[in-house]
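Colleague: Please show me the model. Then let us go through a few questions.

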Amino acid sequence: LSTATLTYDSLRFGEIEDFPETSEPVWILGKQFSALTGNEVGDIEGYVLWFVNGCDVAGGTGPTSDTGWGCMLRCGQMILGQALICRHLGRDWRWSPGQRQRAEYISILNAFIDKKDSYYSIHQIAQMGVGEGKSIGQWYGPNTVAQVLKKLAVFDSWSRLAVHVAMDNTVVIEEIKRLCMPWLDFDRGACAVSEEPREMNGDLEGACALTGEETALWKPLVLLIPLRLGLSDINEAYIEPLKQCFMMPQSLGVIGGKPNSAHFFIGFVGDELIYLDPHTTQPAVDPTEDGQFPDDSYHCQHPPCRMHICELDPSIAAGFFCQTEDDFDEWCAQIRKVSNCRGLPMFELVDSQPSHLITADVLNLTPDFLDSDRLARFFDSEDEEFEILSL
């Protein structure tokens, strides 16, 4: 395990300012706060998990720390950690320092602890990334970490999440409903129950395992949408739609950042984005003998960072969590409403996949290629030609 060290970013903590005294609302993960009431925005650490660099990743055979390359992996942990909080504890849950914590909360931390056998440990993310063409110690983009989290969630039999990564700037409603309700036969109609129910991943376990009636309705959805909102800089036409995403109650935040420096964005105030920065090195945490955690380091003990929205690197991945089908339907209605507002829609929402759409699987393109800022794809509906144009 690494020893606690000060990095350049950790030295900035003393310079981080409190929220400005402004009448503009502060939006954080679908909740509105007032900057004029200090206690409202002062407890952000109470409901957002904070994962930072610092552990032996390869078990003595490779990097002894993820410092310098693991920031996007840690941001992936944070966005998924927020999903698990919503899934098992609810959106209104708050962390109380110094108090004995609920069993579900301890189980969530166990899923991310820096050990090889944890569902979403830095070790698992790094190893699974090899299958996405990323060697251990190589920096990830938002799309790569989204693909890795999707693969790892299959093994989490306690949470039983349906993780969907929407590619090509398109969210297909039918694809998601097939994923979240695999026991329904959509070919015979949306409400037809399959004669041979498909086996679910793993067994029901844990204090918050769903009942049989609940599993017959909907698998909780984590929707990750990799996007590129410009070439080298964010297109200002996307700024308002991006803000609207943080205002939705289903919001899990956004992973992205600046070139070679990843952050977990949780909201905005005015034209400034609010984010958690993983660029701090600290020792890995072990549970105590009674199973509890010394968990202060999992919650940011200083005001979250802020930066102007125009400084955002255009390559991001937005996350949303829908506990029920009604929750997802409400999200769809909000997205359609946002699409009619000023600015450009960040992505398209369609009922079903167009039959003429050529997918990445057909072209055998790697996620890294799709994540590149050199790729733009256009489909000509008149002469049915598909072009790949190098920008």
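Modeller: A salt bridge is a side-chain nitrogen of Lys or Arg within 4 Å of a carboxyl oxygen of Asp or Glu. This is a predicted model: local features need pLDDT of at least 70, side-chain atom pairs need pLDDT 80 or more, and totals for chains, interfaces and linings use all residues. Residues are numbered from 1 along each chain as its sequence is written, and side-chain values use heavy atoms, without hydrogens or water.

Colleague: How many salt bridges does the count come to by this rule?

Modeller: One of them joins the side chains of Glu-132 and Lys-151, at 2.5 Å from N to O. Glu-132 lies in the loop between α5 and α6, and Lys-151 in helix α6, so the pair ties together parts 19 residues apart in sequence. Helices are DSSP runs of H or I, at least four residues, and strands are runs of E, at least two, numbered from the N terminus. By the rule, the count is eleven.

Colleague: Is Glu-132 buried or exposed?

Modeller: Buried means under 20% relative accessible area, exposed over 50%, partly exposed in between (1.4 Å probe, protein chains only). Glu-132 has 9% relative accessibility, so Glu-132 counts as buried.

Colleague: Which helix do the buried residues of α4 pack against?

Modeller: Seven of the ten residues of α4 are buried, so this helix is largely enclosed by the rest of the structure. Among them are Tyr-105 and Phe-112. The buried residues pack, with contact meaning heavy atoms within 4.5 Å, against α3.

Colleague: What separates the C-alpha atoms of Val-172 and Asp-351?

Modeller: Val-172 lies in strand β4. Val-172 and Asp-351 are 179 residues apart along the chain.
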